[in-house]
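User: I would like to go through this model term by term. Please set each value against its definition.

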Amino acid sequence: MFCSGGALLAVIDAQTGRLPKRINWVTFAGVQATLFIATCWLGWEVLIDASLGALLAGSLFFCVWRKTDLGFGDVRLATLIGLTSGSLAVTACFVALFVGTAIGALLGVIRKVRRKQGGYPFGPALVGGCLCCPLVMAVLT
């Protein structure tokens, strides 16, 4: 569910610089439904790890949002990413956010080299980090 909703959010953010709440909420609900099925099959640990990942990622990005010019849509997206990647393990949440932030930093450097002014959408980088997370976790373990 995250792949389709996250990809849609990334494309919209790249084109408009905005992350629509409704798409985020629908994706969040779909991920929660998927987590319910995974919990029935794999046990409560999946739901607990996913919930902790969402709480930690959302809290971290909320604190960053309060001190910087980060958009609140990125806070909602980080919570969704925490829920999704946290279902693997709580540490996967931090790996997804770190990889997404690294991708965003690389895009920012490229933007500076090209001498483009203004901000850039952070959502596509965060979604990319979440989608790369299972691969990075497999390499790390």
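Predicted model: local features only at pLDDT ≥ 70, side-chain atom pairs only at ≥ 80, totals over all residues.

User: How do the residues of the lining of the second largest pocket divide into nonpolar, polar and charged?

Analyst: They divide into 14 nonpolar, 4 polar and no charged. Residues are numbered from 1 along each chain as its sequence is written, and side-chain values use heavy atoms, with hydrogens and water left out.

User: What makes the second largest pocket a pocket, and what is its volume?

Analyst: The search runs on a 1 Å grid over the protein atoms alone. A pocket is an open set of points with protein on both sides within 12 Å along at least five of seven lines; a cavity is a set where a 1.4 Å probe fits but cannot get out. The second largest pocket has a volume of about 290 Å³. Of the 18 residues that line this pocket, Phe2, Val31, Thr34, Thr84 and Ser87 are the closest to its centre. Lining residues have an atom within 4 Å of a point. Volume here is the space filled by probe spheres set on the points, with grid points joined across faces, edges and corners.

User: Which helices supply the lining of the second largest pocket?

Analyst: Helix H1 (2–16), helix H2 (21–42), H4 and helix H6 (123–140) each supply at least two residues. H2 gives the most, with 5 residues. Helices are DSSP runs of H or I with at least four residues, strands are runs of E with at least two, and both are numbered from the N terminus.

User: Why is Val31 called buried?

Analyst: Val31 has a relative accessible area of 6%. Buried means under 20%, exposed over 50%, and partly exposed in between, with a 1.4 Å probe and protein chains only. Val31 is therefore buried. Val31 is found in helix H2. Leaving aside neighbours within four places in sequence, Val31 is in contact (heavy atoms within 4.5 Å) with Met1, Phe2, Leu80, Leu83 and Thr84.

User: Why is Ser85 called buried?

Analyst: The relative accessible area of Ser85 is 3%, so Ser85 is buried. Ser85 is found in helix H4. Beyond the neighbours within four places in sequence, its contacts are Ala92, Cys93, Ala96, Cys130 and Cys133.

User: What makes Cys3 and Val139 exposed?

Analyst: Cys3, in helix H1, stands at 53% relative accessibility, so Cys3 counts as exposed. Val139, in helix H6, stands at 64% and therefore counts as exposed.

User: What is known of the largest pocket and its lining?

Analyst: The largest pocket has a volume of about 480 Å³. It is lined by 20 residues, of which Leu70, Gly71, Asp74, Tyr120 and Phe122 lie nearest its centre. The lining divides into 7 nonpolar, 7 polar and 6 charged. Helix H4 (72–86) and helix H5 (90–113) each supply at least two residues of this lining.

User: How many helices and strands does the chain have, and why is the chain called as compact as a globular protein of that length?

Analyst: The chain has 6 helices and 0 strands. Its radius of gyration is 15 Å, close to the 14 Å that the globule rule gives for 141 residues, so the chain is as compact as a globular protein of that length. The radius is taken over C-alpha atoms, and the rule is 2.2 Å times the number of residues to the power 0.38. Buried residues make up 39% of the 141 residues.

Methods: Nonpolar A, V, L, I, M, F, W, Y, C, P; charged D, E, K, R; others polar.
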